[in-house]
Amino acid sequence: MNNFIFENKTKVYFGKGCVGEYLPKIAAVHGDKVLLAYGGGSIKCNGVYDEIMGILNAQGKCVVQFSGI
């Protein structure tokens, strides 16, 4: 194997209202496809899923979902 460097920077936003405040700005400066990875379904019960999908759909993003993590 050839030598290489891998960097995986991650920024996590916590707190009430963070999705609506930050996601539109973040999504606007990135590509047209989004991978939405989530767990067993609480994201759908608490309304976060609908909020995220609304923002991404409004920006015309193609969302690929990976659920059940």
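This is a predicted model: local features need pLDDT of at least 70, side-chain atom pairs count only at pLDDT 80 or more; totals for chains, interfaces and linings use all residues.
K61 sits in the loop between α3 (48-58) and β2 (62-66). Around this residue, the protein chain is built from 3 helices and 2 strands.

**Overall build**

- Read from the N terminus, the elements of the protein chain follow the order α-β-α-α-β.
- The radius of gyration is 14 Å, well over the 11 Å that the globule rule gives for 69 residues, so the chain is more spread out than a compact globule.
- The C-alpha trace spans about 45 × 30 × 25 Å along its principal axes.
- Among contacts with a separation of 6 or more, 75% are between residues 24 or more positions apart.

**Surface and charge**

- Of the 69 residues in the protein chain, 20% count as buried.
- The accessible surface comes to about 5700 Å², and carbon and sulfur atoms account for 56% of that area.
- The protein chain carries 7 positive and 5 negative side chains.
- The centres of the positive set and the negative set lie 2 Å apart.

**K61 and its surroundings**

- Which residues does K61 touch, leaving aside its neighbours within four places in sequence? The contacts are with A27, H30, G31, D32, V34 and L56.
- K61 and A28 are 33 residues apart along the chain, while their C-alpha atoms are separated by 9.4 Å.

**K44, another lysine to look up**

- K44 belongs to helix α2, which covers residues 42-45.
- Setting aside neighbours within four places in sequence, K44 is in contact with Y38 and Y49.
- The C-alpha atoms of K44 and V19 are separated by 14 Å, and the two residues are 25 positions apart along the chain.

**E21 in the opening helix**

- E21 is found in helix α1, made up of residues 18-28.
- E21 is partly exposed, at 42% relative accessibility.
- How far apart in space are E21 and S67, C-alpha to C-alpha? The distance is 24 Å, for two residues that are 46 apart in sequence.

**Cysteines**

- A disulfide is a covalent bond between the sulfur atoms of two cysteines.
- In this model the count comes to 0 disulfides.
- C45 is exposed, because its relative accessible area of 71% is over the 50% cut-off.

How values were computed:
Residues are numbered from 1 along each chain as its sequence is written. Side-chain values use heavy atoms; hydrogens and water are left out. Helices (H or I, at least four residues) and strands (E, at least two) are DSSP runs, numbered from the N terminus. The radius of gyration is taken over C-alpha atoms; the globule rule is 2.2 Å times the number of residues to the power 0.38. Buried means under 20% relative accessible area, exposed over 50%, partly exposed in between (1.4 Å probe, protein chains only). Contact means heavy atoms within 4.5 Å. Accessible areas come from the Shrake-Rupley method with a 1.4 Å probe; for residues, only the protein chains shown count as cover. Lys and Arg count as positive and Asp and Glu as negative; His and the chain ends are not counted. The place of a charge is taken as NZ of Lys, CZ of Arg, CG of Asp or CD of Glu. A disulfide is a pair of cysteine sulfur atoms within 2.5 Å.
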